[in-house]
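Let's take a friendly walk through this structure, going from packing to rings. Have the viewer open as you read.

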Amino acid sequence: RAVALVLLFLCFVVFCQAHRFEPVEKHVIDTQEGQQVLSWDEVRDMLRNNVGLMDRSYLPDFNMHKIPTLQPSLPENCTRQKLVDSLIDLLDINFVDQSLAEFSQFWNRFYTSQFGVKSAEWVQSQYLKMISESPGLSGASVRFVNHTWPQPSVIATIEGIGNNKDEVVIIGAHLDSVNWDAQNQDISRAPGACDDGSGTVTVMEVFRVIAESGVTFNRTIEFHHYAAEEVGLLGSQDIANQYAEQQKRVAGYLNFDMDAYPGDPALFNIITDYTDDTLNALFMQLIENYATIGYTTSDCGYGCSDHASWNQAAYRASFAIENGPYTEAHGPDDKLEYLFLPYLLEYCRVALGFLVEIGTWGEQ
């Protein structure tokens, strides 16, 4: 039996190599120091060393479109306390636990691997299931966004019903994972429970609560799951660039990337560089009104997560990461057993506040 398993694994490796996606020969890379053209091996070494970067190689003309400076209006204060509190009561830690356990069972979720493709299909299937089980929900849909590389991104939408339904409020997370300790990322183990399974199920749980409640929004709200964040924010760049090119009006984007390993004390760690000051101020109010813990602030550096793509396209974006010193990211031991899910639910509480306060803002 052991020999059969070894042979099966070797066949799988051969299959993966035969169907392997080859990155472009030369990568156009932006870092804090500027733009440079590098080989994939050079880019991978930078990523292994946690150098913040954005890979422009798959963008037209290697640049992001930017929207005009006029932005949709935001509320100045939190005014939907009763509605948000009723939604917070519907949060279910068991759903989060089960979803994260399933999601981290994929061998990896690397953007060029078959596992990466299957994990995106799993995310889409969960949204289809939640939509089908929510008869009071209207105007909901889910779609793939296909890219140049194998792994698609996933976007779920609940259409707004107000006069400003053409304006969009977005929460998002990346669905890929990586093991930079290994030589071959396509076949190496990378459960990615915290990075970024935690953000993925945060976004999914918020959708589930809204779907169950049947609450309606003036603005359209979207739930994004990005491919290929770990290799230079490829998926979110592609989507933010498309939105800017189409002149879509986005009231705000809130990013979730690693939100289940708290420090002592447990706090939101609000990122203040490459984010929007106005949206950050509202984010702080949301924490004060809807969370049971406080916040601190810090810098994250250039291109550290998908909020940077929206910031680069001149959209408002905010991001808070966990404040614990988590050391298992980007390796084979990023597992559910190390995480604290009540802390993750704090991010769900604030995400609900974000969507309700901004999404119900304006005339219906």
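Buried means under 20% relative accessible area, exposed over 50%, and partly exposed in between, with a 1.4 Å probe and protein chains only. At 0% relative accessibility, Gln-151 counts as buried. This is a predicted model, in which local features need pLDDT of at least 70 and side-chain atom pairs count only at pLDDT 80 or more, while totals for chains, interfaces and linings use all residues. Residues are numbered from 1 along each chain as its sequence is written, and side-chain values use heavy atoms, leaving out hydrogens and water.

Gln-151 is found in the loop between strand E4 (140-145) and strand E5 (153-158); helices (H or I, at least four residues) and strands (E, at least two) are DSSP runs, numbered from the N terminus. Leaving aside residues up to four places away in sequence, Gln-151 touches, among others, Arg-109, Tyr-111, Leu-175 and Ala-228, where contact means heavy atoms within 4.5 Å.

The largest nonpolar core has 72 residues, and Tyr-127, Ile-171, Ile-210, Phe-223 and Leu-355 have the most contacts inside it. Such a core is a set of buried Ala, Val, Leu, Ile, Met, Phe, Trp, Tyr and Cys residues joined through side-chain atoms within 4.5 Å. Helix H10 (residues 341-359) gives the most to this core, with 13 residues. Beyond its neighbours within four places in sequence, Leu-355 is in contact with residues including Val-169, Val-206 and Phe-217.

Next comes helix H4 (residues 93-103), whose buried residues are Phe-95, Val-96, Ser-99, Leu-100 and Phe-103. They lie on the same side of H4 because they cover an arc of only 120° around the axis, taken from the directions from the helix axis to the C-beta atoms. The face turned away from that side carries the exposed residues Asn-94 and Gln-98. Cover for the buried residues of H4 includes helix H5 (114-132), helix H6 (193-213) and H10.

Now for the rings. A search of the whole structure finds 17 aromatic pairs. Rings of Phe, Tyr and Trp (its six-membered ring) pair if their centres lie within 6.5 Å; planes under 30 degrees apart count as stacked, over 60 as edge-to-face and the rest as tilted.

| Pair | Centre to centre | Angle between planes | Type |
|---|---|---|---|
| Tyr-127 and Phe-207 | 4.8 Å | 75° | edge-to-face |
| Tyr-243 and Trp-310 | 5.5 Å | 85° | edge-to-face |

Tyr-127 lies in helix H5 and Phe-207 in helix H6, so their pair ties together parts that are 80 residues apart in sequence. Both Tyr-243 and Trp-310 are buried.
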